[in-house]
Amino acid sequence: VSFRIQREPGSFDCTGSAGEGAGAGQYHYEPSVKFDEALASRGMGRPNFQQSLELAIAGTTPGFVDQLRATSQHATVGDVVRVVQHGVNPRYVTDLAALGYRISSLDELVRLRDHGVSADFVRAVQAAGHRNLSAGDLVRLADHGVREKYIADMRAAGYTNVTADQLVTLRDHGVTPRYIGDLAAAGYKNL
């Protein structure tokens, strides 16, 4: 079996064999001079072989590089490699922007991704009435286990006007909708 995978940063020439439910192979990677020049023309420098390989595996494009540079004008090739290594991709950046989050730095973008702040999480938090939270607030909610179900369940239990900080405090202290219901059944209402 032989095939080529062409990506903007370079191409993979793959060879191997397969049969009886198993397969093995090798690849040769060839960086693209055109892509390297595109990065250099943006003032980012040229990727070394390993960086080019990482960018190719992630499917990085000049358009995505420009999208990242809108966040950080001084981004280097190393910065772009770090961002893609953390799972940031064009859709993630676009989805956050569509939800109103214009990320101020590449570090902040990586932090959001590393802490599990997905576009679905942001949508759910916003649907629960928590709009205009900072990136730090979103990370804090995610880190403390304040997920979309918890927010929805607390709203259903009557906690509709609580702040993100209050949700974190309630969650950290083990306050659940069931606990609130048990307190109400014992005569402690409107706490």
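## Glu 30 and its surroundings

In this predicted model, the side chains of Glu 30 and His 28 are joined by a polar contact of 3.4 Å. Glu 30 lies in strand E3, residues 22-31. Glu 30 is partly exposed, because its relative accessible area is 42%, between the 20% limit for buried and the 50% limit for exposed.

Leaving aside residues up to four places away in sequence, Glu 30 touches Gly 10 and Ser 11. Phe 49 is 19 residues from Glu 30 in sequence. In space, the two C-alpha atoms are 8.8 Å apart.

## The sheet

Strand E3 belongs to an open sheet of 3 strands. The order is E1-E2-E3, and the pairing is antiparallel. E1 (2-7) and E3 are the edge strands, each pairing on one side only. On average, neighbouring strands are turned by 20 degrees against each other, direction ignored.

E1 pairs with E2 (residues 10-19) over 6 bridges, in the antiparallel sense. Here Gln 6 stands opposite Ser 11 of E2. Helix H2 (residues 49-57) packs on the sheet and touches E1, E2 and E3. The direction of H2 makes about 120 degrees with that of E3.

## Helix H8

Helix H8 spans residues 135-143. Its buried residues are Ala 135, Leu 138, Val 139, Leu 141 and Ala 142. Seen down the axis of H8, they fall within an arc of 160 degrees, so they line one face of the helix.

The cover over these buried residues includes helices H6 (106-114), H7 (119-127) and H10 (164-172). Just after H8, Gly 145 takes a positive phi of about 75 degrees.

Terms used:
Residues are numbered from 1 along each chain as its sequence is written. This is a predicted model: local features need pLDDT of at least 70, side-chain atom pairs count only at pLDDT 80 or more; totals for chains, interfaces and linings use all residues. Side-chain values use heavy atoms; hydrogens and water are left out. Buried means under 20% relative accessible area, exposed over 50%, partly exposed in between (1.4 Å probe, protein chains only). Helices (H or I, at least four residues) and strands (E, at least two) are DSSP runs, numbered from the N terminus. The arc is that of the directions from the helix axis to the C-beta atoms. Contact means heavy atoms within 4.5 Å. A polar contact is a pair of N or O atoms within 3.5 Å; within protein, one must be able to donate a hydrogen and the other to accept it, and residues adjacent in sequence count only if both atoms are side-chain atoms. Two strands pair if DSSP finds at least two bridges between them. Axes are lines fitted to C-alpha atoms, for helices over the stretch in contact, and angles run from 0 to 180 degrees between N-to-C directions.
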